Amino acid sequence: MNNPIVENLRGQIQDYRTAEYFKEVLSCYYGGNLRSAVVMLYATVICDLLYKLEQLTSEFGDNGAQKILDDLESRWDANPRNPDWETDLPKQCFEAHKILDAASYSNFDALQKLRHLCAHPALKGNKELYQPTGEMVLGHIVNMLKEVLTRPALMNKDFVNIFLEDIATVQDQMVTIDQLSRYLKARYFNKYDDVPLFYTLFKSLWKLVFSLRNEQCDENRDVNFRALQILADIYGNQFMERFEKENSVFAKNLNADDDDLLRLYIEFVNIYINFYTKMPEDMRLKLEAVISGSEDFKALAIFLSNNPLEHIRKSSPQRRSTITYLSDYLRDNVSAAESLDYNINVYGDSRSFDQADWRYDNLILPYLKEFTIEQLKRIMRYTCDNGQIFARRRADTANRTIKNRVNQLDENFSFAEYQYFNRI
């Protein structure tokens, strides 16, 4: 009868060649050939280590992995019949921090010793091969599946460093979160089913985005923030238990006194609110106090409201990036119509010529073809009622553009009640 734990894990084996060899392991084990199962398991793990070293070299340019492979090849060329390289390979991986950590190396060492007992007769005593128990063999099979065969080639520290270097290199090509998401899924997330590994990456990105200030962090903060959001989107629920246990660490690595970093955090928890609600209470109280002291932060902090739409409607931010963010938030999370209405209201509330210019350029003109005739009528009414809009130097050009769009929708439209449009 097949073991359900083994059968579940075998589907997560990383390399297709390893998966084929592992079939032989199970064939021996389920057939009662326990010695053969041990010997084949050992050979399968050795091959898997080699495949992973090759992957580290070819895909990630890992010089440490290449050094191990070069050493093995040199020893093989010097004496092909000497099996010492096979014995030394796991030790080299462990000492170079490649693939094997302390626990997996210890378990492999136990498997290696059992393999020698099963494959070589003892010269003393009855000179018979050792006969392991079924439970013993099953334990080694499960250990090797969990700790080697199903794990990615990259260990935590190496993976984080390579990942960060990679996204820093491609950030100019992957300029949107969707582009970066497709890239990261194809290169990492779809290849490796390793939540603990990605959680380690999440912790590192959190600190880089929300805490650290240096030239490199500032240069890569945008792409790191997008990567953090992608991880939260894919694995957020799976991370939450770990996050709750370590929330004090995450709180320590959140700089609430830096406005720019706090702004990013607010944008993050507007979407992934559990990373706020599961924070320590003292940190939540501090965040709320800082936010309440700034009209801009209060507008931005949608996560503190039970009704995002009403929250945004009642807010009055002056910072341009906040206005743009709220407009985009409505478009992405409520509706395009509500986003357009918000743009119109903000434009109508312009309090200087410069404000009106910027708001027209960024909130009205790019969406001119999306506005309904009723929305365009509101834009014209706001224009006629607000001197900061109709008296600015660029007003005639803007008004003519709006009027042309109205005529496209209704060629018989009467502009009689809109004085600044009727006369142009």
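**Ground rules**

I am working on a predicted model, in which local features need pLDDT of at least 70 and side-chain atom pairs count only at pLDDT 80 or more, while totals for chains, interfaces and linings use all residues. I number residues from 1 along each chain as its sequence is written, and I take side-chain values over heavy atoms, with hydrogens and water left out.

**Overall form**

I count 24 helices and zero strands in the protein. Both are DSSP runs numbered from the N terminus, helices being H or I with at least four residues and strands E with at least two.

I find a radius of gyration of 31 Å, whereas a compact globule of 424 residues would have one near 22 Å. That radius is taken over C-alpha atoms, and the globule rule is 2.2 Å times the number of residues to the power 0.38. I read the span of the C-alpha trace along its principal axes as about 110 × 50 × 45 Å.

I note that 46% of the 424 residues are buried. Buried stands for under 20% relative accessible area, exposed for over 50%, and partly exposed for what lies in between (1.4 Å probe, protein chains only).

I put the accessible surface at about 21,600 Å², with 47% of it belonging to carbon and sulfur atoms. The areas come from the Shrake-Rupley method with a 1.4 Å probe, and for residues only the protein chains shown count as cover.

I looked at contacts (heavy atoms within 4.5 Å). Of those between residues at least 6 apart in sequence, 68% join residues at least 24 apart.

I compared the charges: the mean positions of the 52 positive and 62 negative ones are 2 Å apart. Lys and Arg count as positive and Asp and Glu as negative, with His and the chain ends not counted. Each charge is placed at NZ of Lys, CZ of Arg, CG of Asp or CD of Glu.

**Q388**

I place Q388 in helix α22, residues 387-390. Q388 is partly exposed, at 29% relative accessibility. Beyond four places in sequence, I find Q388 in contact with S350, R351, S352, F353 and A356. I also checked Q355, which is 33 residues from Q388 in sequence and 8.3 Å from it in space, C-alpha to C-alpha.

I place D296 in helix α16, residues 295-300, and T322 in helix α18, residues 320-333. D296 counts as buried because its relative accessible area is 14%. T322 counts as buried too, at 0%.

I find D296 and T322 in contact with each other. Leaving aside neighbours within four places, D296 also touches R263, P317, Q318 and R319. On the same terms, the list for T322 includes R263, A299, L300 and P317. A polar atom of the D296 side chain lies 3.3 Å from the backbone nitrogen of R319.

I place K314 in helix α17, residues 308-314. K314 is exposed, with a relative accessible area of 69%.

**W206**

I place W206 in helix α10, residues 195-210. Is W206 buried or exposed? I find it buried, with a relative accessible area of 1%. Its contacts outside four places in sequence include S211, L228, F243, F250, N253 and L254. Y265, F268, F275 and M279 are also in contact with W206. I read 8.6 Å between the C-alpha atoms of W206 and N224, which are 18 residues apart along the chain.

**H97 and I99**

Most residues other than glycine have a negative phi. I find a positive phi near 60° at H97 and one of about 70° at I99. H97 lies in the loop between α5 (84-95) and α6 (102-119), and I99 lies in the loop between α5 and α6 as well. H97 is exposed, with a relative accessible area of 55%, whereas I99 is buried, with 8%.

Notes:
Polar contact = N/O pair within 3.5 Å; in protein donor to acceptor, adjacent residues only side chain to side chain.
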